[in-house]
Amino acid sequence: MRVVLFTGKGGVGKTTLAAATATMLARSGRKVLAVSTDPAHSLGDALEADLGGEPVELEAGLCAAHIDTRALLDDSWGRLQVHLRTMLSGAGVDELVADELTVLPGVEELLALGEVRRAAETGLWEVVVVDCGPTAETLRLLALPEALSGYLERLFPAHRRAVRGLLAGLAGAGRDAQPAWDRTIDALDGLAEQLTGLRSMLADHTRTSIRLVLTPERVVVAETRRTLTALALHGLHVDALVANRVLPGPPPSLRGPAARWLRERHAEQQVVLAELGAAPVPLRTVAYTAAEPTGVAALLAVAQSLYGSTDPAPPAGPATAPLLQVRRTAGSGTSLDSEFELVLRLPGVAAGSLDLARVEDELAVTAGGTRRMVALPSVLRRCTVTGARLSGDDLCVVFTPDPSVWLR
């Protein structure tokens, strides 16, 4: 089973390419679900179909849906909110304050991503093609499971949730209130399990990948590098850059202002494509079409331009190199003269700004316009940061033992 997510700046054609990919896959004999998490919900326009929250079959092997985040919010999250309000009220928190505390930023996007996972795990489809929102929203969406897992663990640690009644006891709830507290803990455990499942799906490079759609313009190259770095920072796998709306060169017989404009734009695009071709990700191109491609026939033509005779969703290959590695560069055993390097593989990191900070047992890394809290392995928690350097696409952070805690 494969999950392929399409994202890019608004207006670059990511919805069209997602729909084209799903259509070509279905025509090749696979069972495919095309689903949109983009609030704009233009997937139905591209497929010329009326889509709702439940998948509908458009033709043999091809189903599509728009995820209705509002309905999900009222249903799934609404029930958990009731339980959380019960917990906070029992702890003596004012009712109005409890209402504010249970409004979780990004929960709509989280629920949408949860629906993608649910669809992928039903076994009904071989490939799930996801039309995500614009790049900035997608970065936030894909980072949410890990961020909210940390948030949940800080508020309600798993070891406390495992002891039934402990939170109720701390809040001073009586024995009669125990069933309500049990339901609350069950809801929290369910949310934690869902977040863990989402993180596992996104981090599994053998089945989940991202395609970054762009147009071949100069201002796009730097942003593409930043996005690649940001996605890598969150441990996400980009399997292709897709340059859409590539202009052909003018025929020799064409003369006049139109020929000059086409020649100049074509030359500019080729320069940009050459720069993008140096990125550590395969580059595909799609020719500019005269008419807006909507409907199955037009989408198949776009897919043919994009993939030719290759497989739009090839079988899963081996996992890519891990985001984070730890290596000893000096010393041995528990000697105080030891030195370690924490290595993070971040494509394009040298071309942008970078900021590092040690926050207790985590390393805050800001790159590509995004920030991630990286949990340090146990051996590094007893060390201090003494330096950092870039080696190609690798960020190497140097750690040496802290004498006050190293030998404990």
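Me: In this predicted model, does Arg-27 count as buried or exposed?
Reply: The structure is a predicted model. A residue counts as exposed when its relative accessible area is over 50%. Arg-27 has a relative accessibility of 51%, so the residue counts as exposed.

Me: With which residue does the side chain of Arg-27 meet in a salt bridge?
Reply: A salt bridge needs a side-chain nitrogen of Lys or Arg within 4 Å of a carboxyl oxygen of Asp or Glu. For Arg-27 the N to O distance is 2.7 Å, and the partner is Glu-59.

Me: How many residues apart in sequence are the parts that Arg-27 and Glu-59 tie together?
Reply: The side chains of Arg-27 and Glu-59 meet in a salt bridge. Arg-27 belongs to helix H1, while Glu-59 belongs to strand S3, which covers residues 56-59. The pair therefore ties together parts whose separation in sequence is 32 residues.

Me: Is Glu-59 buried or exposed?
Reply: The term buried applies under 20% relative accessible area. Glu-59 has a relative accessibility of 19%, so Glu-59 counts as buried.

Me: Which residue meets Asp-131 in a salt bridge?
Reply: Asp-131 is itself buried, with a relative accessible area of 0%. The N to O distance of its salt bridge is 3.1 Å, and the partner is Lys-14.

Me: How many residues apart in sequence are the parts tied together by Asp-131 and Lys-14?
Reply: The side chains of Asp-131 and Lys-14 meet in a salt bridge. Asp-131 lies in strand S5 (residues 127-134), and Lys-14 lies in helix H1 (residues 14-27). The pair thus ties together parts that are separated in sequence by 117 residues.

Me: In which helix do Glu-268 and Arg-265 both lie?
Reply: Glu-268 and Arg-265 form a salt bridge, with their closest N and O atoms 3.0 Å apart. The two residues are three residues apart, about one turn of the helix. The helix covers residues 257-276 and is H11.

Me: What accessible area do Leu-354, Leu-356 and Leu-390 have together?
Reply: Leu-354 lies in strand S11, which covers residues 354-359. At 30% relative accessibility, Leu-354 counts as partly exposed. Leu-354, Leu-356 and Leu-390 form a nonpolar patch on the surface, and their accessible area together is about 210 Å².

How values were computed: Residues numbered from 1 in each chain as written. Predicted model: local features only at pLDDT ≥ 70, side-chain atom pairs only at ≥ 80, totals over all residues. Heavy atoms only, no water. Patch = residues over 30% accessible without salt bridge, like charges linked within 9 Å, V, L, I, M, F, W, Y side chains within 5 Å. Areas by Shrake-Rupley, 256 points an atom, 1.4 Å probe, with all protein chains shown as cover. Helix = DSSP H or I, 4+ residues; strand = E, 2+ residues; numbered from the N terminus. Buried < 20%, exposed > 50% of the residue type's maximum accessible area, 1.4 Å probe, protein only.
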